[in-house]
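Hi,

Here is the structure I said I would pass on. Have a look at it first, and my notes follow below.

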Amino acid sequence: MTKHLISLPVLDKTALEKLTGFKAGSASLVQTLSRAFCESADLSINEMTAAVGSKNFKELKQAAHRLKSAAATLGLARIQQICHAIESAKEWPAQMESIL
């Protein structure tokens, strides 16, 4: 499963192209969403790191879900799919070890 996730494209250009023409105030929607993603991703990754350290499977899956949604909006395909794999995992650690 890990090789499949690594081979995914980093960016889905079609998702990003859909956002290109929109404006949000004085900045483009892509710029606005990119800034918001960086802030929320930092928080989600910190939460995921803490959840892995404490072996809190529920918290890990919840943080992965939030990051997945934000990544999908910007077409960040690889991040989206890795988070989907974490969120969909049925058990810890066997499946988790191959994802992380």
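This is a predicted model: local features need pLDDT of at least 70, side-chain atom pairs count only at pLDDT 80 or more; totals for chains, interfaces and linings use all residues.

Is Serine 44 buried or exposed? Its relative accessible area comes out at 5%, and since buried means under 20%, Serine 44 is buried. Leaving aside residues up to four places away in sequence, Serine 44 touches Ala63, Arg66 and Leu67.

That leads on to the helix pair. Helix α3 covers residues 29–53 and helix α4 covers residues 57–74. Their axes come within 9 Å and cross at roughly 160°. Angles over 145 degrees count as roughly antiparallel, and α3 and α4 are therefore roughly antiparallel to each other. The crossing of the two is left-handed.

On the α3 side, the residues making the contact include Val30, Leu33, Phe37, Ser44, Ile45, Met48 and Val52. From α4, the contributors include Leu60, Ala63, Arg66, Leu67, Ala70 and Leu74. Sorted by class, the contact of α3 with α4 has 15 nonpolar, 4 polar and 3 charged residues.

One more element to look at is helix α5, residues 77–88. With 12 residues, α5 reaches 16 Å from its first C-alpha to its last, close to the 16 Å expected at 1.5 Å a residue. Which residues of α5 are buried? They are Ala77, Cys83, Ala85 and Ile86.

Cheers

Definitions and conventions: Residues are numbered from 1 along each chain as its sequence is written. Side-chain values use heavy atoms; hydrogens and water are left out. Axes are lines fitted to C-alpha atoms, for helices over the stretch in contact, and angles run from 0 to 180 degrees between N-to-C directions. Helices (H or I, at least four residues) and strands (E, at least two) are DSSP runs, numbered from the N terminus. Angles under 35 degrees count as roughly parallel, over 145 as roughly antiparallel, 65 to 115 as roughly perpendicular and the rest as oblique. A crossing is left-handed if the near helix is turned anticlockwise from the far one by less than a right angle, and right-handed if clockwise. Contact means heavy atoms within 4.5 Å. Ala, Val, Leu, Ile, Met, Phe, Trp, Tyr, Cys and Pro count as nonpolar, Asp, Glu, Lys and Arg as charged, and the others, Gly among them, as polar. The expected span of a helix is 1.5 Å times one less than its number of residues. Buried means under 20% relative accessible area, exposed over 50%, partly exposed in between (1.4 Å probe, protein chains only).
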